[in-house]
2 protein chains.
Amino acid sequence: MKEKELYKNNLDGCPLTFALNIIGGKWRLPIIWALSKNGRMRYNQLKRGINGITSMMLTQTLKDLEDCNIINRQQFMEIPPRVEYSLTESGENLVPALKQLARWGDDVRNNIDNIGEDNGRDELQS
Amino acid sequence: MKEKELYKNNLDGCPLTFALNIIGGKWRLPIIWALSKNGRMRYNQLKRGINGITSMMLTQTLKDLEDCNIINRQQFMEIPPRVEYSLTESGENLVPALKQLARWGDDVRNNIDNIGEDNGRDELQS
DNA sequence: TCCAATACTCAGTTTTTCCTTACTTAGTCA
DNA sequence: TGACTAAGTAAGGAAAAACTGAGTATTGGA
């Protein structure tokens, strides 16, 4: 194979890099996952549901995901305030891709844990 | 829906988190991608093929991926030295999942571009 | 009157990740 | 002789990501 015919990596414009930039933060996947499981959720509901997240990280990550068009934010003008979050269509479309990745992760981990021995499967939704 | 029935996030043991930890470094995907396109590659071939990577980052990332059982490292006892890298079976299995994610990334990006008509430019696009 | 609940926001700090520059060993080419 | 190739290592610093702990406004209930 000649050097010139090699695939050359081009980071800008790669849709995979783009996708990973969207889901790549520490708390983004947990939020997306929780919303895909539970549907519409309020701020403090998310906070209670996601183990270890702080107010600040939740606020920031929700805003990031909203900017990426992955989640919707609906604010009700009430006292006490109420804000509900849910996945957008893009967000929903992401879920199958994540499931495939999760399936792969599961397989790999089983291979590492007991090499050569297949001991059933763990459920994807932990 | 009762609070107790909500899905609760458990980061340890989540196969998705596990998968993202494997592919989540800056240079991991470029290396995996290049190997999946070109098959077996030597160190400097990878270095030339991946735009902007330094020796150190390449060495480190290759070692990380080897530890994760994503790539094989085969060393030939020759002068000058020769080392060839290739995807393991786990590495090959990862590729379809990455492709699905990439497809999603592509769709989302196109959607953003189209929405841009009524909203001017946002800084999401590369 | 004081506390709880809601959905945040801010300043400052720590932790993690990534990068830069130089150096290695041993043989080959001019 | 000196430059070049191969496949890396080492030390230290910069940049990015994440965290800590506090404060905001409002109102109903004890």
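Reply: Let's start with one contact: a polar side-chain atom of A:W27 lies 2.6 Å from a phosphate oxygen of DNA strand D. A polar contact here is a pair of N or O atoms within 3.5 Å; within protein, one must be able to donate a hydrogen and the other to accept it, and residues adjacent in sequence count only if both atoms are side-chain atoms.

Before going on, some ground rules: this is a predicted model, where local features need pLDDT of at least 70 and side-chain atom pairs count only at pLDDT 80 or more, while totals for chains, interfaces and linings use all residues. Residues are numbered from 1 along each chain as its sequence is written, chains are lettered from A and ligands numbered from 1 in the order in which they are written, and side-chain values use heavy atoms, with hydrogens and water left out.

Altogether, 20 residues surround DNA strand D, and the closest are A:K26, A:W27, A:I79, B:R73 and B:Y85. (Near means that one of a residue's heavy atoms lies within 4 Å.) Of the atoms of DNA strand D that come within 4 Å of the protein, 76% belong to sugar and phosphate.

Which element gives the most to the surface near DNA strand D? That's α4(B), with four residues. Helices (H or I, at least four residues) and strands (E, at least two) are DSSP runs, numbered from the N terminus. By class, the surface near DNA strand D has 10 nonpolar, five polar and five charged residues. Ala, Val, Leu, Ile, Met, Phe, Trp, Tyr, Cys and Pro count as nonpolar, Asp, Glu, Lys and Arg as charged, and the others, Gly among them, as polar.

Now for DNA strand C. It has 19 residues around it, and A:R42, A:R73, A:Y85, B:K26 and B:W27 come nearest. Sugar and phosphate make up 70% of the atoms of DNA strand C that come within 4 Å of the protein. For the surface near DNA strand C, the largest share, four residues, comes from α4(A).
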